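Here is a short note to read with the structure open beside it. Please check each point against the picture as you go.

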Amino acid sequence: MPTIVPYTYEKKEEKIVYFTSLLKDMKVLVATEKPFAAEAVNGIKEICEAAGYQVVLLEKYTDKAQLLEAVADADALIIRSDKVTAEVIEAARNLKIVVRAGAGYDNVDLAAASARGVVVMNTPGQNSNAVAELALAMMIYMSRNRFTAGTGSEIQGKTLGIHAYGNVGKLVGRKGKAMGMNVIAYDPFITDDFVFENDGVRKVGSVEELYAQSDFLSLHIPATPATKGSIGYELLSSMPKGATLVNTARKEVIDEQGLEKALDERTDLKYITDIAPDAVEHLAEKFGKRFFATPKKMGAETAEANINAGLAAARQIVDFFVNGTTKFQVNK
Ligand code: 3PG
């Protein structure tokens, strides 16, 4: 007789009990429109297969229908920025857990998942260093005229503002300090001054104060109903002369019309983003060297970040099924 190890997942007053012995043939679908590095995929397979689960890959898919078909018999799903809509949840009749290998989970319909008792997790911190390195690189790229001829400027001695002091924000701050920048930060959810002081970062009292003082503003806020469209004309036009807004967060947090108006009026302002705005071609044509968007989001596109986040996702799935661990659940 196989050993039956039960675990429970409590959803409100309802208690769902699975038996791991019955889950041995489980299917873990890795659905990544933007695939992980091969090493990360191999690591995910090793972890899942050691637990007795089967791994199925759906990479570089171009049509939602492919995802709907692939999730139909999946028990667990690992994704990146892939959209897990109510339709996807509906199509995934066996689904018990979705792990977003990364930080932001605005691509998952949490309400639809919760309604079906599907646990959603992220892997916070696992790809942060890659994103932080890119943010610093973007500052230098813009300061050096996007690596074209002409006199640029240095980032040393400039004020770097960090908007949201989470995993990525902290790393950007530390790297900025190492580059000789004066680092300030604002985060409405972190009230403990020590968190900032410990890193030699000055906490400012408001978002307005942050933008008004930052030669470089690095954005790290998530896309939520409260933050969508929240960075616009007022904040941008309050920035110091020659300032650069650096966006490695989400395009949705920018009010594009406000951004365009600020760039129109202030010919010294610059915007660099890792998430192309809706009007990317128009903005690129209109603002020339003062605007740049990466062709495809590349913040977390390092082998290290793929391995860290991908393997963490696989481990979290096994830990969930074997021990019922829900530490990184985001739809509690
Ligand atoms: C994240 O939220 O973790 C980053 O935006 C990375 O997203 P990606 O996995 O789509 O590159």
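The points below cover the domains, the contact between them, and the ligand.

1. This is a predicted model. The domain assignment divides the protein into domain 1, made of 4-126 and 302-323, and domain 2, made of 128-293. The C-alpha centres of domain 1 and domain 2 are 32 Å apart.

2. How much area do the two domains bury between them? The value is about 460 Å², with 44% of it on carbon and sulfur atoms. On the side of domain 1, Asp 106, Gly 125 and Thr 302 lose the most area to domain 2, and together they make up 68% of what that side buries.

3. Eight residues of domain 1 touch five residues of domain 2. Between the domains there are two residue pairs in polar contact and one salt bridge. By class, the domain 1 side of this contact has two nonpolar, four polar and two charged residues.

4. Arg 250 deserves a look in two places. Its side chain forms a salt bridge with that of Asp 106, at 3.1 Å from N to O. A side-chain N or O atom of Arg 250 is also 2.8 Å from an oxygen atom of the ligand.

5. Which other residues surround the ligand? They include Lys 34, Arg 80, Ser 81, Gly 104, Asn 127 and Lys 297. By class, the shell has two nonpolar, four polar and five charged residues.

6. Two further distances involve oxygen atoms of the ligand. For Arg 80, a side-chain N or O atom is 3.0 Å from a ligand oxygen. For Gly 104, a backbone N or O atom is 2.8 Å from a ligand oxygen. Taken alone, the ligand exposes 320 Å², and the protein buries 94% of that.

Note on methods
Residues numbered from 1 in each chain as written. Predicted model: local features only at pLDDT ≥ 70, side-chain atom pairs only at ≥ 80, totals over all residues. Heavy atoms only, no water. Near = heavy atom within 4 Å. Polar contact = N/O pair within 3.5 Å; in protein donor to acceptor, adjacent residues only side chain to side chain. Areas by Shrake-Rupley, 256 points an atom, 1.4 Å probe, with all protein chains shown as cover. Nonpolar A, V, L, I, M, F, W, Y, C, P; charged D, E, K, R; others polar. Domains from an automatic or database assignment. Contact = heavy atoms within 4.5 Å. Buried area = accessible area lost by both parts, 1.4 Å probe. Salt bridge = Lys/Arg side-chain N within 4 Å of Asp/Glu carboxyl O.
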